[in-house]
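Trainee: I'd like to go through the labels on this structure and hear what backs each one up. Can we take them one at a time?

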Amino acid sequence: MGASTSRHRQCRPRQSPINIYTKKVRYDSSLKPLYIYYDPKSSQRLVNVGHCFNVEFEDTNDKSVVSDGPLVGYYRLRQCHFHWGASDKDGSEHVIDGLEYPAELHIVHWNAQKYPTFDEALEHPDGVAVIGVLLKIGETNPLIQSIIDSLDQVKEKNKECPFTQFDLSSLLPNDRNYWTYQGSLTTTPYLECVTWIIFQEAIPIDSDQLQHFRSLHCTSEAEDPAFILENHRAIQPIEARVVRSSFK
Ligand SMILES: COc1ccc(N2C[C@H](O)c3cc(S(N)(=O)=O)sc3S2(=O)=O)cc1
Ligand SMILES: [Zn+2]
């Protein structure tokens with residue numbers, strides 16, 4: 001192994017996303033069920049950030065949180081966003097036994113019990129918790145349609161619009177079995193601060209709804225238009241990590 005490779009391997013040992021190879025997952029009976037409460041009054045706005053769109057939530061209080069599961073303390077809801085592909089053949093970031101899903105929802109929380117601000121939490125290995133929900137092609141998803149109906153207002157990069165009363169908890173799968181591992185942000189600066197919690201059950205989206213995501217612009221109003229055709233990062237080496245499951 002060359003010096004640069006070994007240096008690379010040593011300095012970024014917990015990158016995301018990864019392929020979850022279910023035969024190598026370790027069932028952990030000490031993993032508790034997740035406690036998730038999202039108050040629809042926490043949702044504030046929809047923002048086109050250039051590489052995706054975020055639903056942003058009020059995170060100056062503890063009205064919307066996740067706790068228990070693999071977590072110590074509670075983590076405050078901050079934003080959720082999606083990753084997708086240029087076609088329905090791929091688009092998820094996490095891959096299950098080599099199977100790529102057409103999209104993936106990320107629900108981002110930060111450790112407000114331990115750290116004073118989100119920016120501070122980003123600097124710590126237990127600072128952020130992201131719930132990942134895989135999406136599969138199926139029936140029209142009414143919750144996602146409520147977002148799509150507002151996407152025209154944020155077509156270009158840096159545009160935002162009010163987005164209130166969004167019931168994010170209705171987007172979660174009924175089955176709460178999950179995998180968990182220590183990883184990173186999947187966008188720059190790839191900070192290794194994330195406890196990943198990936199639900200085993202996928203939720204439905206229809207192909208037309210996904211096509212709407214691809215119509216968003218990665219360019220601002222002042223630039224020649226270009227589209228966010230895809231925004232999923234390639235899988236990363238698992239290194240010395242073990243993925244744990246809450247189920248057998
Ligand atoms: C260093 O400054 C910052 C670092 C990160 C961020 N965020 C936006 C990122 O796009 C991003 C991507 C996340 S993902 N795909 O779930 O791993 S989570 C997340 S974020 O909300 O933390 C903002 C400022
Ligand atoms: Zn993401």
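Trainee: Why is arginine 214 called buried?

Mentor: Its relative accessible area is 4%, and buried means under 20%, exposed over 50% and partly exposed in between (1.4 Å probe, protein chains only), so arginine 214 counts as buried. Keep in mind that this is a predicted model, where local features need pLDDT of at least 70, side-chain atom pairs count only at pLDDT 80 or more, and totals for chains, interfaces and linings use all residues. Side-chain values use heavy atoms, with hydrogens and water left out, and residues are numbered from 1 along each chain as its sequence is written.

Trainee: And what makes arginine 214 and aspartate 88 a salt bridge?

Mentor: Their side chains meet at 2.8 Å, N to O. The cut-off is a side-chain nitrogen of Lys or Arg within 4 Å of a carboxyl oxygen of Asp or Glu, so the pair qualifies. Aspartate 88 is partly exposed, at 26%.

Trainee: What makes lysine 114 exposed?

Mentor: Lysine 114 has a relative accessible area of 52%. Its salt-bridge partner, aspartate 126, is partly exposed at 22%.

Trainee: Which protein atoms are the donors?

Mentor: His81 (NE2), His83 (NE2) and His106 (ND1), lying 2.0 Å from the zinc ion; donors are N, O and S atoms within 2.8 Å of the metal (3.2 Å for Na, K and Ca).

Conventions. Chains are lettered from A and ligands numbered from 1 in the order in which they are written.
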